[in-house]
Amino acid sequence: MSIRRGLLALLSGGSKYGYQLRGEFEAATADTWPLNVGQVYATLSRLERDGLITPDGSPDDVGRMLYRITDAGRAALTYWFATPIEHEARPRDELMIKLAMALADPAVDALGVLDAQRAAARRAIQAATTRKADLARKAGDEPADLPGLLIIEAAIFAAEAEVRWLDHCEAVLRSGRDAR
């Protein structure tokens with residue numbers, strides 16, 4: 001999810017200050033995507049420049065500016081929600097590039113690269129599983145934080161898929177065959 005569109009989505013619920021947007025964004029993503037407040041204000045400036053948001057009044061006594069979404073911003077947000085995210089090949093993914101370079105260099109232990117990445121993915125699964133349990137404990141008898149839960153589960157599924165892919169890569173390398 002882009003920060004730009006995420007901030008637009010938050011502003012669709014009403015006018016907000018930059019710090020409010022930062023906190024709401026982090027809460028909505030179960031604190032899996034921390035934002036630098038400077039990044040928030042830079043994004044707000046671009047959204048304003050593009051006519052998707054506008055200041056809502058004058059700065060308050062401490063200099064905070066409220067922002068609100070414009071009609072053009074609502075249209076852009078509606079389009080974003082209605083348009084699926086394309087799943088293209090990941091040619092610029094750092095892991096793909098690292099593996100390609102490791103395979104191209106006979107001095108690099110490509111299996112070692114795979115092992116290190118697989119261990120990191122397993123640690124990510126463990127950390128996300130712990131966050132999921134913490135979220136459930138925090139909710140207690142209340143309804144779960146559904147957006148947070150789904151975001152954490154997406155991280156778990158992505159890391160599990162990465163482990164499966166790394167296992168496949170290892171099998172291909174060990175067999176000496178191509179990936180077909």
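Is Arg 49 buried or exposed? Arg 49 is exposed, with a relative accessible area of 60%. The close-ups below start from this residue. They show a predicted model.

**Close-up 1. Arg 49 and Asp 50 pair through their side chains.** A salt bridge joins Arg 49 to Asp 50, with 2.9 Å from N to O. Its two partners differ in accessibility. Arg 49 is exposed at 60%. Asp 50 is partly exposed, with a relative accessibility of 34%. This pair belongs to a count of 12 salt bridges.

**Close-up 2. Lys 16 reaches Glu 24 in a salt bridge.** The closest N and O atoms of this pair lie 3.8 Å apart. Lys 16 has a relative accessible area of 8%. That is under 20%, so Lys 16 counts as buried. Glu 24 is partly exposed, at 31%.

**Close-up 3. Arg 4 sits in helix H1.** Arg 4 is partly exposed, with 28% relative accessibility. Leaving aside residues up to four places away in sequence, Arg 4 touches Thr 43, Arg 46, Leu 47, Asp 50 and Leu 52. Leu 77 is 73 residues from Arg 4 along the chain, yet their C-alpha atoms are separated by 10.0 Å.

**Close-up 4. Helix H1 packs through its buried residues.** H1 covers residues 3–11. Its buried residues are Ile 3, Gly 6, Leu 7, Leu 8, Leu 10 and Leu 11. What do they pack against? Their partners include three helices: H2 (18–28), H3 (37–49) and H4 (71–82). They also pack against two strands, E1 (53–55) and E2 (67–69).

**Close-up 5. Helices H5 and H7 pack against each other.** H5 spans residues 94–104, and H7 spans residues 146–175. The angle between them is about 15 degrees, and their axes are 13 Å apart. H5 is therefore roughly parallel to H7. The crossing is right-handed. From H5, the contact uses Leu 95, Met 96, Leu 99 and Leu 103. From H7, it uses Glu 162, Trp 165, Leu 166, Cys 169 and Leu 173. Eight of these contact residues are nonpolar, none is polar and one is charged.

Close-up 6. In general, an α-helix has 3.6 residues a turn, so residues three or four places apart point the same way. The partners differ in accessibility. Arg 174 is exposed, at 57%. Glu 170 is buried, at 18%.

**Close-up 7. Salt bridges link five residues into a network around Glu 170 and its partners.** The members are Asp 115, Arg 118, Asp 167, Glu 170 and Arg 174. Which residues does Glu 170 touch, not counting those up to four places away in sequence? They are Leu 111, Leu 114, Asp 115 and Arg 118. Among these contacts, Asp 115 and Arg 118 are also members of the network.

How values were computed: Residues numbered from 1 in each chain as written. Predicted model: local features only at pLDDT ≥ 70, side-chain atom pairs only at ≥ 80, totals over all residues. Heavy atoms only, no water. Salt bridge = Lys/Arg side-chain N within 4 Å of Asp/Glu carboxyl O. Buried < 20%, exposed > 50% of the residue type's maximum accessible area, 1.4 Å probe, protein only. Helix = DSSP H or I, 4+ residues; strand = E, 2+ residues; numbered from the N terminus. Contact = heavy atoms within 4.5 Å. Axes fitted to C-alpha atoms, helices over the stretch in contact; angles between N-to-C directions. Parallel < 35°, antiparallel > 145°, perpendicular 65-115°, else oblique. Left-handed = near helix turned anticlockwise from the far one by under 90°. Nonpolar A, V, L, I, M, F, W, Y, C, P; charged D, E, K, R; others polar.
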